[in-house]
Every structure is written in structure tokens, then in C-alpha cells.
Amino acid sequence: MTRIGLISDTHGYLDDAVFKHFDKVDEIWHAGDFGTIELADALAAFKPLRGVYGNIDDKDIRLQYPEDARFYCENVDVWMTHIGGYPDKYSPRVKGTIYTKPPGLFISGHSHILKVVYDKKINCLHLNPGAAGKQGWHRMPTLMRFCISEEKIHTLEVIELVK
């Protein structure tokens, strides 16, 4: 079993509560718009970090993190990208691949909208953890925690941070 802490759209702000909420996770996944390389480094110093760059991220982050991360966690095919869209409204850049070679778990950020949607057409769970930073139109900063065991994604929790 792998315990995951999922975060996105920090925009250079890292609430101290993130470390408390992610204390018992095995890995942190950041779905883009870190904001600063120092923020990424702080997360990576705390727990193993996987991440993708977002549209506001500069060259330092883009040199260290890819636009897309496609990997296996346990036996689940995971695809993480910052601008990915949602079921039936996937972004043009990912649309062709997601329908021809769908992952089991698709993670995106960018919208600042917390979503958990199952795409029945491709048998894929879509997660967007919302936004954990201060910038943006979201009213409540959010994170997610979940577990992956073999081929199952379970124990999903949404965590609200005080803005």
C-alpha cells in the first residue's frame, strides 16, 4: 500500500498545515503551479515528491519537473498533468491519448476546482485537488490524501485548509 498526499496550485505559498496533514503519507504528488523552486524543494525534503510543472512555473521548475508524469504506483497506471480538463471536456493536448491509452488514475490541477469524477467511458478516476495556495478565486484551499493498494484507489480524504 502506498499513501499519497496530493496538492496543486500552491503559487509560491506553502501552508505549514500541509506538513501535518502529509506527515503519514509515503509520497507527495504536486499537480503543477508550484510557484517557486524553493517550495518544491521544501516538499521534496519532507517526503519523496513527484510533480509536474504548471503554466505559472518558471524555467527552474520546468528543468526539474516534466509537463506530464506517467508512471505506475502499485499496479495503477497514473497520468498527472497540470492542464488536463475533465471527463468529456479533456484538454486538446491530452484528449487523443487519454482515449486511446487511458490511465487508471488521471490527475490535473489548474482550475482551482476540487473534483473527484469517475470517467465510465475509459474506466478512469479523475482527481483535481483544488488549490492549496492563496492566489486564485477559490474560497477554501484544499488537499487530498488517498491510498493505492495493488489496483485499488481507496481511503480518499479531502482536507480543507483555513484561508
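Q: Which residues touch the most other members of the largest nonpolar core?
A: In this predicted model, Ile7, Val18 and Leu143 touch the most other members among the 20 residues of that core. The elements that give two or more residues to this core are α1 (17-21) and α2 (37-46), and α2 gives the most, with 4 residues. Apart from this core lies another, of 18 residues, including Phe71, Met80, Leu125 and Leu127.

Q: What does Ile7 touch, not counting residues up to four places away in sequence?
A: Ile7 touches Leu14, Val18, Phe22, Ile28, Trp29, His30, Ala31, Pro129, Ala132 and Leu143. Ile7 also stands opposite His30 in strand β2.

Q: Why is Ser91 called buried?
A: The relative accessible area of Ser91 is 12%, and a residue counts as buried when this value is under 20%, so Ser91 is called buried. Ser91 is found in the loop between β7 (89-90) and α4 (92-100), and, leaving aside its neighbours within four places in sequence, Ser91 is in contact with Ile83, Gly84 and Gly85.

Q: What makes the pair formed by the backbone oxygen of Ile83 and a polar atom of the side chain of Ser91 a polar contact?
A: The two atoms lie 3.3 Å apart, and the cut-off for such a pair is within 3.5 Å, so the distance meets the condition.

Q: How do you know that strands β1 and β2 pair?
A: Strand β1 (residues 2-7) and strand β2 (residues 27-30) are joined by 4 bridges and run parallel; pairing requires at least two bridges, and therefore these strands count as paired. Both belong to an open sheet of 5 strands in the order β3-β2-β1-β11-β12, in which the pairing is mixed.

Q: Why are β3 and β12 called edge strands?
A: β3 (49-51) and β12 (152-160) are the edge strands of that sheet, and each pairs on one side only. From one strand to the next, the twist averages 20 degrees.

Q: How many residues lie between β4 and β5 in their hairpin?
A: There are 2 residues between them, and Glu74 in the turn has a positive phi of about 55 degrees. The strands run antiparallel and are joined by 6 bridges, with Phe71 opposite Val78 in β5.

Methods:
Residues are numbered from 1 along each chain as its sequence is written. This is a predicted model: local features need pLDDT of at least 70, side-chain atom pairs count only at pLDDT 80 or more; totals for chains, interfaces and linings use all residues. Side-chain values use heavy atoms; hydrogens and water are left out. Buried means under 20% relative accessible area, exposed over 50%, partly exposed in between (1.4 Å probe, protein chains only). A polar contact is a pair of N or O atoms within 3.5 Å; within protein, one must be able to donate a hydrogen and the other to accept it, and residues adjacent in sequence count only if both atoms are side-chain atoms. Contact means heavy atoms within 4.5 Å. A nonpolar core is a set of buried Ala, Val, Leu, Ile, Met, Phe, Trp, Tyr and Cys residues joined through side-chain atoms within 4.5 Å. Axes are lines fitted to C-alpha atoms, for helices over the stretch in contact, and angles run from 0 to 180 degrees between N-to-C directions.
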